[in-house]
Amino acid sequence: MRKYFLDNLRWIIVLLLFPFHTFRIYSVFENFYIHGPPNLILNGFIIFIGPWFMHLLFVIAGISAYHSLQKRNSKEFLKERILRLFVPFVFGLILLIPIQTFFAEKFHNGFTGSYFSQMITFFTKFGDLSGYTGGFTPGHLWFILYLFLISIIALAIIRLYENSSMNLNFNNTSTIKLIPLFLIFLIMGPILDIGGKSLGAFLAIFLLGYFVLSSDKIQENLEKNKWYLTCIFLTCSVITLLIFPYWSSGIFIDCFLAFFTWMAILSLIGLGKKYLSFQNKWSKYFTKASYPIFIFHQTWIVVVAYYTFLITSSVILQVIIIMFGSFILTIISYEIVKRIKLTRFLFGIKE
């Protein structure tokens, strides 16, 4: 049976990207493609979901891979990953991300050249790979690239495990014994950490989804203990909001954030199983639309933000226009793209 709560968790997280990336424009921590005056209130939302929401997507991807490999062989799985992940990454990198850096160049550097001349700059100017002030970047499509690479690495690990004498069975593991597992992706964190995005940590999270959280028994236990887990999750959230103006990198902060992330994942899976195990016309729509929405959303946020900053200096108006304007344009883009066979292929949209 399809687990609707995982579909619903996925598209809800994707929709949260609209406020998240809109609020990033007002970040107190770092630059962005378009950058406004730092705002502590808006940054509170970033601090709340920032540590865990992408990790949750990788966990869900790991659980989904478990179910996918029950009905696909390795060749079929790899083919699906290439068509669904690698192809959209390549064409998104060519067709969408340069739009973001074009407006970043105009906003930060006063660039007055054509879009096509900026394309040359995009593929030849290498900096910190953020692209926030122009130059080459994978943009938000880093997630798709990472998921593609992790899927290949994880498949090799899974097949090696299946051909070994090991027997990892977490069905009878109590919820409290799951909590220390956050140490796994904490330890893996330094491996291929590029710009704060660790391939090692996300691989560990993906595999925890595959081997541990895919278990029906584990999911049932998380549902039973959802309120205990949620209390810990919310307590960590409050602590994070209180200490973030004062923190600096270090083992204690890294350990706390990994624990916070894991408690968020465990509690949200438990809550999701209880309250999101349904399907209706809206959930059906956004389940299908969530992937292309992810692909298109940030490009529209940057475009709308650039022109919004030209017409108003009110932060409240800017946020409203950027968030809702980009959402509407993203949905329109999806509705157009899904009707054309070629663009469906380019952006990994299923029939």
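Me: How many disulfides does the structure hold?

Reply: This is a predicted model, and it holds zero disulfides.

Me: How do you know that Cys236 is in no disulfide?

Reply: The nearest cysteine sulfur to that of Cys236 belongs to Cys255 and is 11 Å away. A disulfide needs two cysteine sulfur atoms within 2.5 Å, so Cys236 is in no disulfide. For Cys255, the nearest cysteine sulfur is that of Cys236, at 11 Å, and Cys255 is in no disulfide either.

Me: Are these cysteines buried or exposed, and what makes them so?

Reply: Cys236 has 5% relative accessibility; buried means under 20%, so Cys236 counts as buried. Cys255 stands at 27%.

Me: Why is Thr173 called buried?

Reply: Its relative accessible area is 16%, and the limit for buried is under 20%, so Thr173 is buried. Thr173 sits in the loop between helix 7 and helix 8 (175–178). Leaving aside neighbours within four places in sequence, its contacts are Leu178, Ile218 and Asn221.

Me: Which residues of the loop between helix 6 (115–124) and helix 7 can be treated in this way?

Reply: Among them are Ser130, Thr133 and Leu129.

Me: What makes Ser130 buried?

Reply: The relative accessibility of Ser130 is 18%. That value falls under the 20% limit, so Ser130 counts as buried. Not counting residues up to four places away in sequence, Ser130 touches Tyr33 and Thr137.

Me: Why is Thr133 called partly exposed?

Reply: With a relative accessible area of 35%, Thr133 lies between the 20% and 50% limits, so the term is partly exposed. Thr133 touches Asn31, Ala104, Glu105, His108, Asn109 and Lys125, not counting residues up to four places away in sequence. The C-alpha atoms of Thr133 and Phe107 are separated by 8.1 Å, with the two residues 26 apart along the chain.

Me: What makes the phi of Leu129 worth a note?

Reply: Most residues other than glycine have a negative phi. Leu129 is not a glycine, yet its phi is positive, at about 70 degrees. At 35% relative accessibility, Leu129 counts as partly exposed.

Me: Where does Leu192 lie, and why is it called exposed?

Reply: Leu192 lies in the loop between helix 9 (182–188) and strand 1 (193–194). Exposed means over 50% relative accessible area, and Leu192 has 52%, so it counts as exposed. Leu192 also has a positive phi, of about 50 degrees, although it is not a glycine.

Me: Which members of the largest nonpolar core touch the most other members?

Reply: Trp52, Leu213 and Trp262 do, in a core of 112 residues. Leaving aside neighbours within four places in sequence, Trp262 is in contact with residues including Leu178, Phe182, Ile205 and Leu213.

Me: What makes up the lining of the second largest pocket?

Reply: The lining divides into 19 nonpolar, nine polar and 15 charged residues. The pocket holds about 1,200 Å³ of space. Of its 43 lining residues, Arg2, Asp7, Arg10, Arg84 and Lys350 are the closest to the centre. Helix 14 (281–311) is one of the helices that supply at least two residues, and helix 14 gives the most, with eight.

Note on methods: Residues numbered from 1 in each chain as written. Predicted model: local features only at pLDDT ≥ 70, side-chain atom pairs only at ≥ 80, totals over all residues. Heavy atoms only, no water. 1 Å grid on protein atoms, 1.4 Å probe; cavity = no way out; pocket = protein on both sides within 12 Å on 5 of 7 lines; lining within 4 Å. Points joined across faces, edges and corners; volume = space filled by probe spheres on them. Helix = DSSP H or I, 4+ residues; strand = E, 2+ residues; numbered from the N terminus. Nonpolar A, V, L, I, M, F, W, Y, C, P; charged D, E, K, R; others polar. Buried < 20%, exposed > 50% of the residue type's maximum accessible area, 1.4 Å probe, protein only. Contact = heavy atoms within 4.5 Å. Core = buried A, V, L, I, M, F, W, Y, C linked by side-chain atoms within 4.5 Å.
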